[in-house]
Amino acid sequence: MLKDFLQVDAFSSRPLFGNPAAVVFDGDDIPTPLMQKIAQEMNLSETVFICTPTVPDADYRARIFTPRSELPFAGHPTIAAAHAVLARDLGKGRGLLRQECGIGIIPVEVLAHPAGRLLRMTQGAPKARDPGLPRATVARMLSCAEADLADAPIEVVSTGASWLVVELASQAALSALAPDLGLIQRECAAIGAPGVTAFAEKRDGSPVRLRLRTFAPGEGVAEDPVCGSGNGSVCAFLARHRHAGDAAGSYIAEQGIEIGRDGEIHASWRRDGEALRIMIAGDAATVASGQLHL
């Protein structure tokens, strides 16, 4: 069979930046083991298969695979899938797409922005827990000094995918990280996370507040260029610990700088009573198209 696909760079308006994901159309008749083989062949952090939704409230269903396993949700593949659906004219003229995935329906808004279009997803309800990891262990995982860790909690946070969230004391410390991927994989497997999302405040007066790095060896990804779910976890972390009294807030973050895949993320949150709503947005660009011969 022949299957059309796009390769989309998420969280960037420029091809060859941001985070690449393959988006394969008409996935209903592709068996799950073959989907996994295709994801291995693509060798990207995620490959998405666009399928017919199973619930009436969704516009399409996205099945998301890393080179090793299927995920219930991931951020940059959600942006890539929405971009691909719009490019395919499946959502032409729509200001809102509703993506079905393993955690339910993810709304993706199509927003005008001074620098171009933004695709904004509302992620899952945040959950956080103490992983019980000593700070010395976390420092060894990241190959940094304990003094390079900020004076902040270290938590496992999920808005659909769980990440060990670690704040660094400075952008310089973040950029200098040379993580022990084997140790990260072992320690994160024990606490039920695929890896670490580390962040630091930039404090340079620019409009971009944060820089992030994500390491996911548990899914076969040494460093994820721009991680949508990791950014969601950091946004939830900040809303709880830095902005507990604020009804809403937003900021811009950057990721991928250290590996030449610069991406920009627009993060925001809103409190609806006791509920915390996390929204992550970015642009996307098509970089390649073709057919799979299966």
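E70 counts as partly exposed, at 35% relative accessibility (buried means under 20% relative accessible area, exposed over 50%, and partly exposed in between, with a 1.4 Å probe and protein chains only). The model is predicted, so local features need pLDDT of at least 70 and side-chain atom pairs count only at pLDDT 80 or more, while totals for chains, interfaces and linings use all residues. Residues are numbered from 1 along each chain as its sequence is written, and side-chain values use heavy atoms, with hydrogens and water left out. Across the whole structure, a search finds 19 salt bridges (a side-chain nitrogen of Lys or Arg within 4 Å of a carboxyl oxygen of Asp or Glu).

**The E70 pair**
- E70 and R63 form a salt bridge through their side chains, at 3.0 Å from N to O.
- R63 is classed as buried, at 13% relative accessibility.

**The strand pair**
- A salt bridge links E109 with R120, whose closest N and O atoms are 3.0 Å apart.
- E109 belongs to strand 7 (residues 104-111) and R120 to strand 8 (residues 118-122), so the pair ties together parts 11 residues apart in sequence (strands are DSSP runs of E, at least two residues, numbered from the N terminus).
- R120 is partly exposed, with 23% relative accessibility.

**The K202 network**
- The side chains of K202 and D204 meet in a salt bridge at 3.3 Å, N to O.
- Through salt bridges that share partners, K202, D204, R211, R213, E223, E254 and E258 are joined into one network.
- Within this pair, D204 is partly exposed at 47% relative accessibility, whereas K202 is buried, with a relative accessible area of 12%.

Terms used
Helix = DSSP H or I, 4+ residues; strand = E, 2+ residues; numbered from the N terminus.
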